[in-house]
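Today I am opening my notebook on salt bridges. I want to see which side chains pair up and how accessible they are. Come along and look with me.

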Amino acid sequence: MKPSFSFLLLSFLVFSVTSFSQKIEVLTSGTKTSIRGLSVVNENIIWASGSGGKVARSTNGGKSFEWITVKGFEKNDFRDIEAFDSNTAVIMAVADPAYILKTTNGGKDWKVVYSNSTKGMFLDAMNFYDSKHGMVIGDPINDTVFQAVTSDGGDTWQVYTKYPVKVDAGEAFFASSGTNLKYFMGSYVLVSGGTKASFIFPETKLKLDILQGKESTGCNSVAYWKGRWVIVGGDFANDKDTTLNCLYSLPGPPRFRRPATPPHGYRSCVAFISKKKLITCGTSGIDISTDGGNNWKLISNESYHVCQKAKKGKAVFLAGGNGRISKLIE
Ligand SMILES: *[C@@H]1O[C@H](CO)[C@@H](O)[C@H](O)[C@H]1NC(C)=O
Ligand SMILES: *[C@@H]1O[C@H](CO)[C@@H](O)[C@H](O)[C@H]1NC(C)=O
Ligand SMILES: *[C@@H]1O[C@H](CO)[C@@H](O)[C@H](O)[C@H]1NC(C)=O
């Protein structure tokens, strides 16, 4: 049977409506923890980490979450997490002292795999290239960024000094979503904030056209997909301000452009969903772009700290204050 014209028109309308209406479904909330670490292994396995020594884990796509308090770490703030499967995950506690812990039995037991009580230590983000190789960065001490690497899935960590990264006075890294560090071409890219906002590729440092100059300003997150970069940030102390809060680039060497319609406020995390589709979130809401970061549409005014697409699969999850974990429904 040949489809009639009206059938085609109807399909088109249904398609247009669904493709432009995104919703956020809250999966869990109500615990006191502020979540900034989120790692989505696949459509079913979701791990999150936050303040008060809390870790959350779901193995059924978020239908239910198991909340874990890591024994002896009830006062620590786990600002980042990397999960590899339903049993294995690495968490990062920022400071006093800084710790990295690992579980291999779904969060029942945690082993301290790294600790550093140097004065001024503050870990900001972790990123893994695969299930073995990862890096963690921390705020600069004596103007040098703290870097440590693992090549055994986080079982051991070595301070990394091969390419020391020097920053300016007052330039540092936000620990707002664990996404200002990104594996790239055998190395890592970092984006900074504070007095300066830079794109740092070990030996190259580009000054960015992102809001900077104050402790609360700068880059918070960087995302990469097949030659395209997107960076978000702004001023967390003035979270509705849209001034210089985002940059994007087209495939090729990173030449950053200002978006025509920027995200609607300070944003702490950005993630690619597909080649040109992105999600970004912050304390003043969530935006979606379908053109590689040039135009952003506000889809929610709700506060979230972190958003991540499944490493394997299409599902997108968000997390934030009050133990809230949500799913993007398209
Ligand atoms: C702790 O961090 C400091 C500061 O970066 C570094 O010099 C030192 O080697 C680290 N210690 C350990 C045990 O990793
Ligand atoms: C930073 O510099 C001070 C003063 O020079 C020195 O005592 C300290 O050991 C240095 N810290 C690190 C981690 O290199
Ligand atoms: C966000 O809040 C503004 C101002 O209150 C309102 O106009 C807008 O419709 C809201 N947007 C969404 C997506 O909820």
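I started with aspartate 168, which is partly exposed, with a relative accessible area of 32%. I kept in mind that this is a predicted model.

Next I looked up its partner. Aspartate 168 forms a salt bridge with lysine 196, and the closest N and O atoms are 2.4 Å apart. I then checked where the two sit: aspartate 168 is in the loop between β13 (158–159) and β14 (171–172), while lysine 196 is in the loop between β17 (193–194) and β18 (198–201). The pair links distant parts of the chain, 28 residues apart. Lysine 196 counts as partly exposed too, at 25% relative accessibility.

I moved on to aspartate 235 and found its side chain in a salt bridge with lysine 214, at 3.2 Å from N to O. Aspartate 235 lies in strand β21 (residues 228–235), and lysine 214 lies in the loop between β19 (204–207) and β20 (217–225). These two are 21 residues apart, and I noted that they also link distant parts of the chain.

Is aspartate 235 buried or exposed? I found it buried, because its relative accessible area of 4% falls under the 20% cut-off. Lysine 214, at 47%, counts as partly exposed.

I also traced shared partners: salt bridges join Asp168, Glu171, Lys196 and Lys205 into one network.

My last pair was arginine 57 and glutamate 66, whose closest N and O atoms are 3.1 Å apart in a salt bridge. Arginine 57 is buried at 16%, whereas glutamate 66 is partly exposed at 36%.

For the tally, I wrote down 12 salt bridges.

Key
Residues numbered from 1 in each chain as written. Chains lettered and ligands numbered in written order. Predicted model: local features only at pLDDT ≥ 70, side-chain atom pairs only at ≥ 80, totals over all residues. Heavy atoms only, no water. Salt bridge = Lys/Arg side-chain N within 4 Å of Asp/Glu carboxyl O. Buried < 20%, exposed > 50% of the residue type's maximum accessible area, 1.4 Å probe, protein only. Helix = DSSP H or I, 4+ residues; strand = E, 2+ residues; numbered from the N terminus.
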